[in-house]
Amino acid sequence: MFVIQYFIPHYPFNRMSHWFSDWFAIILACAIVLGALNLMKISIQKVIKKKPGWGYAVVIIVSFLLITVIGLSEGEAFREPGTWFDWLYVYVYTPCSSTMFAILGFFVASASYRAFRARNFEATLLLLAAFFVMIGRVPVGDIISGFMPEGVRLSNLASWIMTFPQTAGQRAIMIGIALGIVSTSLRVILGIERAHLAGE
Amino acid sequence: MSTKAKEILVLALIFAFSLIFYIGKVLGWEAVRFSTTVSLIVILLVALSLLWILILTIRGRLVERRIVFLYVGIAVALPLFMTLSQRIAISPEVEAVYNTLEGLPEGSKVLVSFDYDPPSAPELQPMAEAFLYYCFEHDLKVIMMGLWPQGPMQANLAIEKVLSDEKIKSKNLKYGEDYVNLGFQAGYEFVIQRMGSDFRSMFPTDYRGTPYEQIPLVKNVKNFSNIDYCFNLSSGFPGTREWVQIAVDRFGVTLGAGNTAVQAPQMYPFMRAGQLVGLLGGMVGAAEFEFLTKWIGKGTKFMISQSFAHVIVIAFIIIGNVAFFRSKRKTGLKR
Amino acid sequence: MPSHPTTSRPSYLAMLSLLFTFFLLPSIVLAQAEVGQANVEGTPIVPDSEQIVVAPVTSLIAADHKYDDGEMIDLSWVPSIDDQLIDGKVIGYKVYRLEDDGEPQMITELAPSSNGYNDQSVERGKLYSYFVSTLSSNAETPSVRTAPVEPQREWLNYELLNVLIIALVLGGAVIYFIETARRGKKLFVRKIAGIEAVDEAIGRATEMGRPILFIPGILDMDDVQTLAALTILGRVARMIADYDSKIFMPVSRSLVMTAGRETIKASYQAAGRPDAYNDDMVTYITDEQFGYVAAVDGIMVRERPATVFLLGAFFAESLILAETGNSVGAIQIAGTARPAQLPFFIAACDFTLIGEELFAASAYLSGEPKQMGSLKGQDVGKAIAMAAILIGVLTVTIGDAWNVEWMQNITTVLTEIFSTK
Amino acid sequence: MEHFALWLGGFLTLGIFSFLYKDNPWYKLTEAIYVGISAGYFVVVYFWDNFYSKFWVGVFPHKRLNEAGELIAGVEPDYWLIVGGVLGLLMLMRLLPKVGWISRWPLAFIVGATAGLWLINYFASFVMVQIQNTVTPLFGMDYSASLYVIVGNIVVAVGTFTGLVYFFFSKEHKGAFGSAARVGIFFLMITFGASFGYTVMSRMSLLIGRIDFLFGDWLGMIK
């Protein structure tokens with residue numbers, strides 16, 4: 001259907017993608033309720049059975065109810081600056097989610113020390129490219145290679161890697177993945193790949 | 001002393017430290033600054049201790065994870081206090097953004113889409129500020145919007161920051177005439193699609209609730225054909241990829257973009273194909289752009305930390321691999 | 001819509017013909033676009049002496065917008081000769097429209113140096129004509145009116161015909177190979193390193209008496225990568241059942257949990273050991289990304305699996321999982337189609353299925369001829385891409401360097417075939 | 001309130017960082033708050049953005065009144081949206097064990113629809129456009145390119161070609177074909193290296209941002 005609407009601008013085909021996207025959004029809204037109820041179910045069970053760590057489950061339930069009640073009661077404009085929902089978002093949600101990503105910086109370093117090994121030629125090449133890009137993209141790179149003439153310093157090398165070999169690789173991956181998805185989608189549409197739907 | 005007692009002690013210390021400096025902040029203490037000499041000594045100490053780790057590792061003792069963490073913490077935190085001069089090299093993709101902007105005559109209309117939220121702000125906010133600064137300084141008209149719910153809020157933060165600059169303040173810019181924030185609209189890439197035919201159908205009012213046709217800056221803006229340049233700040237979906245697919249491929253706008261470093265490499269094919277004119281990648285891209293626009297903000301300030309962090313990661317990769325090759329030679333094991 | 005589980009096996013040929021009918025029928029019903037134009041130059045209204053007179057726009061053309069639902073008219077013109085960047089007297093343009101020869105109405109005001117407008121507020125079945133006024137600071141010079149135009153609706157977007165043809169060729173190839181495979185012809189598919197290692201990895205786990213950990217990514221069943229991971233799981237579980245080693249699969253989505261259980265159960269049944277299966281092999285942990293990672297980390301450290309499979313859609317957690325797996329000394333086989341996460345897998349895992357290989361592996365391992373067939377179809381797509389690049393680059397370079405005309409022609413054809421505008 | 005907000009931010013940030021030391025009650029508390037708040041956040045956002053403004057407003061559009069208080073013709077209700085509502089309702093059936101199987105319907109719709117949507121979009125933007133753009137004259141138009149660009153053009157063409165060779169499954173990697181695939185894998189590795197570097201860059205930037213919050217916004221030690 002989507003395939004058809006791409007080529008035919010005529011009503012109703014040109015409306016089809018709008019409908020589908022709207023339906024999809026509505027289903028998602030219902031699905032998220034399922035997820036939240038599941039979380040609540042698990043947490044409440046924990047509290048009732050007094051499983052280890054049930055205190056934290058109470059915190060989950062309380063914070064969930066708090067933001068949901070506030071957000072739903074504040075109406076359509078819940079996102080405006082100055083609402084309680086916005087306050088919770090800015091001062092609770094944002095620090096938590098930012099820090100969750102920031103913490104990965106630590107793990108990158110630890111992993112680079114313990115796990116990233118030049119165990120074969122491919123991995124060596126990968127680490128070398130990473131090395132040049134990392135060093136070339138920050139001012140330190142040019143301080144180290146400052147003795148070289150302008151134009152052939154580490155920053156230029158990093159740029160070159162990004163613009164040429166990197167682009168080529170990305171392109172090949174892009175085409176490959178797109179074709180993979182096309183063919184997998186066709187399998188789904190033709191009903192070959194349906195193991196996932198068998199049984200509930 | 002038991003571990004527990006030590007932990008409590010550390011906690012108390014952290015608390016006391018925070019409290020002292022917080023009170024200091026309220027009382028208006030000066031910022032902490034390292035002079036160049038102190039900075040160099042710190043760098044030397046870190047380098048020496050890395051050497052020590054190298055020796056330990058070669059002897060076959062991997063240092064603990066937490067020590068690595070500690071190193072990263074130091075490498076990122078200390079440089080924030082340092083004052084070191086640094087030269088920033090400009091990459092061609094950043095230059096392309098700048099050159100396109102330079103080519104725009106006064107009064108050109110620029111559409112900026114803020115498609116990110118606070119977690120990616122460290123990378124994208126400096127770009128937003130530098131970009132707006134350039135536009136305001138050169139009398140370009142800025143129309144802002146967001147495909148992410150939090151985007152327009154980030155736009156407001158950036159505007160506030162830039163307008164407080166002396167040079168811009170003296171220009172006395174007016175909301176609605178020189179810049180406007182259309183707010184957020186749900187619908188992902190379909191928003192761009194419908195904007196292709198009519199902006200107003202997607203944004204009946206701006207974020208303050210003023211009807212579209214009453215805003216002088218946009219009342220004559222029908223669709224993309226009235227926009228001279230589009231810029232997109234993106235940290236995921238929907239973002240630059242969607243803008244390229246729809247706004248560029250179908251409606252033919254000129255698009256530049258600022259991306260988080262994670263997704264920047266995937267944009268290079270678009271750049272090479274000319275679908276994207278210029279790209280700012282991550283905080284480094286922001287720093288380069290700040291250098292060009294002469295708006296020196298956080299991107300530049302954080303570059304020392306960024307350099308340090310990269311060097312530490314590279315050092316750990318090298319140390320780890322040196323140890324790996326030595327142990328391989330000894331045991332002759334192949335995994 | 002496609003693919004309900006209870007659909008009885010469809011005949012692909014029937015579907016193919018259906019597809020063709022769907023595409024080809026509309027193309028027979030076509031509407032010819034009518035173009036109305038007016039090429040007479042406009043004459044300026046003679047104004048008072050104080051007024052700044054500007055020249056009108058010329059060559060104003062109004063034409064139906066092609067390949068739409070009859071809701072747009074395109075206007076184009078050559079800007080007034082007084083419209084200059086430096087010392088320009090023109091401050092803008094006004095576009096007027098006459099509906100069915102009624103009164104002129106201003107529909108928009110445009111900035112200087114505009115040379116076209118796309119009117120999207122038109123309706124089918126009405127006639128529209130236009131004129132454009134050039135504005136100076138105190139005068140207005142209208143152009144000549146265009147001939148009336150009626151917006152047309154077209155059935156097929158011919159500009160995208162090439163996309164359609166290539167898509168059909170590709171879809172046809174996939175379906176053709178699936179049919180061929182179904183008739184029992186053996187299709188060759190090359191070995192994929194990561195998959196070849198599966199046997200060895202499972203064997204190692206059995207010898208060491210340690211469990212095998214299977215992580216299917218953190219996205220739900222609606223992601224293609226998760227589907228691919230589960231197909232691979234089917235085969236892996238079958239081997240595990242044969243070897244009698246243990247599998248453990250923590251997941252982050254409840255739907256993936258049920259699907260995973262079904263898959264493993266089916267594999268154990270196929271191996272003739274349904275009694276060895278139990279539901280605890282697959283557990284749901286949490287939807288929360290980092291909560292899930294922390295839990296899996298804990299499992300890895302405690303259970304010390306001999307083999308870890310990381311297949312599916314991964315995000316920031318990829319490197320934490322790969323590092324922990326590496327630190328407990330497991331053999332790790334990873335695969336994802338997310339380019340940003342692949343580097344961490346390649347650097348920290350023993351075998352990595354890169355991008356498309358993940359999808360291919362699921363087909364390869366399933367051993368089903370139909371799946372193999374679709375893989376072949378994919379290869380046809382790649383062959384087309386490679387041929388186009390090879391021929392294109394060669395012809396464009398040689399054609400350009402030595403001015404060989406027939407080569408330049410090939411290039412033009414190729415570029416047109418692959419254009420999407 | 002502002003003081004409280006800053007301290008709360010500091011408390012949560014440090015709480016998550018404390019996980020680096022070890023799993024501890026502080027982290028667990030922060031995590032519980034995070035999980036609860038984020039789950040609630042998405043419920044609220046989806047409710048208003050998807051359910052309310054798409055479905056509810058679509059089916060029951062706001063009545064628009066003019067200044068005199070008379071009803072003016074507003075947006076027509078879009079009854080097609082009810083189909084989406086029904087599918088959503090079917091999804092919720094999962095809550096009732098007896099009719100839970102019915103939730104497979106919307107699931108099938110999602111799987112099928114995403115498959116269909118992706119099919120064509122991916123194809124057009126990722127395959128066609130990219131092939132078209134790889135086809136460029138190696139020496140630039142009229143020999144205009146510098147050596148730097150010529151080398152680059154050759155690298156891109158060769159890289160894309162050999163990269164595709166690597167992904168070609170119908171032929172054993174032997175002989176010339178094998179060598180091409182080998183070159184292809186080299187290109188892929190360079191690509192991954194570059195994206196590795198950029199990812200590290202990104203993570204570090206976010207970390208710097210957080211540390212800047214702690215020492216700058218919160219404690220005021222950096223200005």
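How many salt bridges does the rule find across the interface of domain 1 of chain A and domain 2 of chain A? The rule finds 0 salt bridges there, and the legends below, which describe a predicted model, begin with that interface.

**View 1. The two domains of chain A and the contact between them.** In the domain assignment, chain A has a domain 1 that covers residues 1-75 and a domain 2 that covers residues 80-115. Where these domains touch, domain 1 of chain A contributes 5 residues and domain 2 of chain A contributes 4 residues. Together the two domains bury about 410 Å² between them, and 82% of this area lies on carbon and sulfur atoms. Of the area that domain 1 of chain A buries against domain 2 of chain A, 82% is supplied by Ile67(A), Ile70(A) and Glu74(A), which is more than any other three residues supply.

**View 2. Polar contacts and residue classes between the domains of chain A.** Although the count of salt bridges across this interface is 0, there are 2 residue pairs in polar contact between domain 1 of chain A and domain 2 of chain A, both at pLDDT 80 or more. Sorted by class, the side of domain 1 of chain A that touches domain 2 of chain A is made up of 3 nonpolar residues, 1 polar residue and 1 charged residue.

**View 3. The interface of chain D and chain A.** Here 109 residues of chain D are in contact with 95 residues of chain A, and the two chains bury about 9900 Å² between them, with 83% of that area on carbon and sulfur atoms.

View 4. Across the interface of chain D and chain A the rule finds 1 salt bridge, in which the side chains of Arg182(D) and Glu122(A) meet at 2.8 Å, N to O. The rule also finds 4 residue pairs in polar contact across this interface, both residues at pLDDT 80 or more. Several helices of chain D, including α1 (2-17), α4 (104-134) and α6 (175-218), each supply at least two residues of the side that touches chain A, and the largest share, 28 residues, comes from α2(D). By class, this side of chain D has 75 nonpolar, 25 polar and 9 charged residues.

Notes: Residues are numbered from 1 along each chain as its sequence is written. Chains are lettered from A and ligands numbered from 1 in the order in which they are written. This is a predicted model: local features need pLDDT of at least 70, side-chain atom pairs count only at pLDDT 80 or more; totals for chains, interfaces and linings use all residues. Side-chain values use heavy atoms; hydrogens and water are left out. Domain bounds come from an automatic or database domain assignment. Contact means heavy atoms within 4.5 Å. Buried area is the accessible area (1.4 Å probe) that two parts lose on being put together, summed over both. A salt bridge is a side-chain nitrogen of Lys or Arg within 4 Å of a carboxyl oxygen of Asp or Glu. A polar contact is a pair of N or O atoms within 3.5 Å; within protein, one must be able to donate a hydrogen and the other to accept it, and residues adjacent in sequence count only if both atoms are side-chain atoms. Ala, Val, Leu, Ile, Met, Phe, Trp, Tyr, Cys and Pro count as nonpolar, Asp, Glu, Lys and Arg as charged, and the others, Gly among them, as polar. Helices (H or I, at least four residues) and strands (E, at least two) are DSSP runs, numbered from the N terminus.
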